[in-house]
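Please walk through this structure, with the sequence and the model side by side.

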Amino acid sequence: MINLAKLGRVFIVCGKTDMRRGIEALAYIVKKSFNLDPFSGCVFLFCVSRRDRFKALYWDGQGF
């Protein structure tokens with residue numbers, strides 16, 4: 001379980017994200033498009049075009 005009190009920064013990725021993308025593709029977007037480290041312990045939130053669903057990318061030290 002993720003302890004929300006211990007989370008670092010939270011980044012919201014604006015724009016349309018294809019929710020069929022896997023973890024590797026989302027980590028690639030974080031690295032190449034935003035020049036951020038997906039393994040930093042920060043939370044990255046991706047949303048769909050209607051903005052009613054989110055997908056989170058979070059590295060807990062053992063996996064996403």
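Where is Thr17 found? Thr17 sits in the loop between E1 and H1; helices (H or I, at least four residues) and strands (E, at least two) are DSSP runs, numbered from the N terminus. The model is predicted, so local features need pLDDT of at least 70 and side-chain atom pairs count only at pLDDT 80 or more, while totals for chains, interfaces and linings use all residues. Residues are numbered from 1 along each chain as its sequence is written, and side-chain values use heavy atoms, with hydrogens and water left out.

Thr17 counts as buried because its relative accessibility is 12%. Here buried means under 20% relative accessible area, exposed over 50%, and partly exposed in between (1.4 Å probe, protein chains only). Leaving aside residues up to four places away in sequence, Thr17 touches Leu26, Phe46, Cys47 and Val48; a contact means heavy atoms within 4.5 Å.

Next comes the sheet. Three strands form an open sheet in the order E1-E2-E3, with mixed pairing; two strands pair if DSSP finds at least two bridges between them. Strand E1 (10–13) and strand E3 (54–58) each have a single partner strand and stand at the edges, so one side of each lacks a neighbour in the sheet. On average, neighbouring strands of this sheet are turned by 20° against each other, direction ignored. For such angles, axes are lines fitted to C-alpha atoms, for helices over the stretch in contact, and angles run from 0 to 180 degrees between N-to-C directions.

How do the strands pair, and which residues are partners? E1 and strand E2 (residues 43–47) run parallel and are joined by four bridges. Val10 has Val43 as its bridge partner in E2, and Ile12 has Leu45. Helix H1 (residues 23–34) packs on the sheet and touches E1, E2 and E3. The direction of H1 makes about 75° with that of E3.

E2 and E3 form a hairpin with six residues between them, and Arg51 in the turn has a positive phi of about 60°. Four of the five residues of E2 are buried, which means that this strand is largely enclosed by the rest of the structure.

Now the surface. Which residues make the nonpolar surface patch? Val10, Ile12 and Phe54 make a patch of about 320 Å². Patches are made of residues with over 30% relative accessible area and no salt bridge; like charges are joined within 9 Å, and nonpolar side chains (Val, Leu, Ile, Met, Phe, Trp, Tyr) within 5 Å. Accessible areas come from the Shrake-Rupley method with a 1.4 Å probe, and for residues only the protein chains shown count as cover. Phe54 lies in strand E3 and counts as exposed because its relative accessibility is 52%.

The structure holds one salt bridge, a term for a side-chain nitrogen of Lys or Arg within 4 Å of a carboxyl oxygen of Asp or Glu. Arg20 forms it with Asp18, and the closest N and O atoms are 3.0 Å apart. Arg20 is exposed, at 73% relative accessibility, whereas Asp18 is partly exposed, with a relative accessible area of 34%.

The loop between H1 and E2 holds Asn35 and Asp37. Asn35 has a positive phi of about 55° although it is not a glycine, and at 65% relative accessibility Asn35 is exposed. The C-alpha atoms of Asn35 and Glu24 are separated by 15 Å, with the two residues eleven apart along the chain. Asp37 counts as partly exposed, at 40% relative accessibility. Not counting residues up to four places away in sequence, Asp37 touches Val30 and Phe44. The C-alpha atoms of Asp37 and Leu4, 33 residues apart along the chain, are 20 Å from each other.
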